[in-house]
Amino acid sequence: MNAHTKTPVTHSAYAATADEAIAAQDALDSGMITSEQATEVAMQNTLLTPRFYTTDFDEMDAIDVSPVREDWDVLINAMKADPNKGHFKKNEDWGTVDWDGMEPKLRAEFIDFLISSCTAEFSGCVLYKEMKRRGSNKDITELFQLMARDEARHAGFINDALREAGIRVNLGFLTQQKKYTYFRPKFIYYATYLSEKIGYARYITIYRHLEENPEMRFHPIFKWFREWCNDEFSHGEAFALLLKTDPKLTESFANKLWIKFFLTAVYSTMWVRDHQRPLFHEALGVDVTWYGQEVFRKTSEISKQVFPMTLDIDHPRWRPNLDRMEAASRQVAEGKARGGVRGTLTRVSGMAKAAYAFVALYTIPAKKNAVPVRPHLAPAY
Ligand SMILES: [Fe+2]
Ligand SMILES: [Fe+2]
């Protein structure tokens with residue numbers, strides 16, 4: 001097929017590849033001023049903002065999926081069947097959004113939530129797209145192409161929502177300009193597996209809460225969360241299978257320490273970030289502390305499919321140190337904002353407190369878990 005004569009897709013929701021989705025989103029904005037401010041927020045690189053990753057693509061290309069072939073083929077075929085094609089697009093369920101009537105502080109937090117979600121979705125897209133581009137292993141490139149397609153649709157849909165508020169994250173610009181952090185492939189597996197599964201747990205928890213309390217749904221995008229999180233669930237399944245191709249990844253002593261590190265880092269980062277958006281959670285009628293623990297509980301339950309331990313989130317040291325970490329991160333932000341010598345001192349002592357709280361969390365004894373031979377799970381929440 002000649003790519004030049006193909007009719008371009010009109011919306012990212014129908015795109016078969018990530019590139020088509022990005023082009024469709026860009027076309028929607030031609031002639032419109034792009035929001036520099038939103039892109040600027042998305043460009044930020046701090047410990048708490050979503051990052052873009054790069055890795056050793058050759059090593060990933062060399063993965064042999066034969067040990068998990070049967071489950072692999074089932075998963076790939078389900079992704080190829082593309083049940084969510086066309087889903088990530090506004091329809092009559094969307095209605096009108098009263099951006100101007102929204103309380104300004106809530107509006108600011110919600111926009112921050114959308115921008116950071118869009119950046120996170122797009123960060124997955126960029127990494128997966130690059131793996132597809134660099135690889136030659138059919139199994140691997142096929143999987144990454146399918147995942148990149150989904151993430152581009154997700155990012156595009158969030159951009160649709162932001163566009164209504166006069167804001168847009170410039171995806172093409174981000175790809176070129178944002179800094180990339182290098183992670184070894186095994187760290188990509190741990191971090192990405194977890195972020196896909198925690199993404200599922202986050203979206204489904206909000207979705208179920210709003211199903212019971214529809215009057216709290218202050219924006220229509222939440223209606224799309226169920227299909228959305230099912231995509232993330234499948235992506236997580238793919239990484240569970242990748243982790244299963246090499247037993248050392250989850251069974252060696254050193255790697256167990258790494259897994260515990262990533263669990264602690266991902267959970268505590270989520271806690272701190274969510275506590276920075278109190279009005280957003282209040283508007284949804286969600287107690288942010290309950291929400292955090294609930295998401296950890298679901299993620300831990302799911303991650304038993306492949307990780308040999310779960311964190312003890314009911315341990316007496318758990319919550320107090322998450323709160324310490326949150327207070328420390330506020331102190332770091334204050335120090336940064338103040339600047340000068342005193343600002344630097346505030347910032348450095350905040351960082352020391354955060355590191356101390358992290359060590360206190362990391363050293364809580366984990367709960368051992370006997371991993372099943374086959375990881376397959378279906379979204380059950
Ligand atoms: Fe996604
Ligand atoms: Fe995903």
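**Packing of helix 1 against helix 6**

Helix 1 and helix 6 are roughly parallel to each other, because angles under 35 degrees count as roughly parallel and these two helices pack at an angle of about 15°. In this predicted model, the axes of the pair lie 8 Å apart, and helix 1 passes helix 6 in a left-handed crossing. On the side of helix 1, the contact is made by Ala 18, Ala 21, Ile 22, Ala 24 and Gln 25. Helix 6 contributes Ala 148, Arg 149, Ala 152, Arg 153, Gly 156 and Asn 159.

Helix 1 spans residues 18–28, and its buried residues are Ala 18, Glu 20, Ala 21, Ile 22, Ala 24 and Gln 25. The elements covering these buried residues include helix 5 (104–134) and helix 7 (171–177), as well as helix 6.

The largest nonpolar core of the model contains 82 residues, among which Leu 114, Cys 118, Cys 125, Ala 152 and Leu 241 touch the most other members. Helix 6 (residues 138–164) supplies the largest share of this core, namely twelve residues. Leaving aside residues up to four places away in sequence, Ala 152 touches Ala 18, Ala 21 and Ile 22, together with Ser 12, Ala 15 and Cys 125.

According to UniProt, in an unreviewed entry, residues 112–242 carry the feature "domain: Rubrerythrin diiron-binding". In the model, this span is 79% helix and 2% strand, and the C-alpha atoms at its ends are 33 Å apart.

Key:
Residues are numbered from 1 along each chain as its sequence is written. Chains are lettered from A and ligands numbered from 1 in the order in which they are written. This is a predicted model: local features need pLDDT of at least 70, side-chain atom pairs count only at pLDDT 80 or more; totals for chains, interfaces and linings use all residues. UniProt positions are given in the numbering used here, feature names are shortened, and annotations may be inferred rather than shown by experiment. Helices (H or I, at least four residues) and strands (E, at least two) are DSSP runs, numbered from the N terminus. A nonpolar core is a set of buried Ala, Val, Leu, Ile, Met, Phe, Trp, Tyr and Cys residues joined through C-beta atoms within 7 Å. A residue is buried if 20 or more other C-beta atoms lie within 10 Å of its own, exposed if 12 or fewer, and partly exposed in between; C-beta atoms are placed from the backbone. Two residues are in contact if their C-beta atoms, placed from the backbone, lie within 7 Å. Axes are lines fitted to C-alpha atoms, for helices over the stretch in contact, and angles run from 0 to 180 degrees between N-to-C directions. Angles under 35 degrees count as roughly parallel, over 145 as roughly antiparallel, 65 to 115 as roughly perpendicular and the rest as oblique. A crossing is left-handed if the near helix is turned anticlockwise from the far one by less than a right angle, and right-handed if clockwise.
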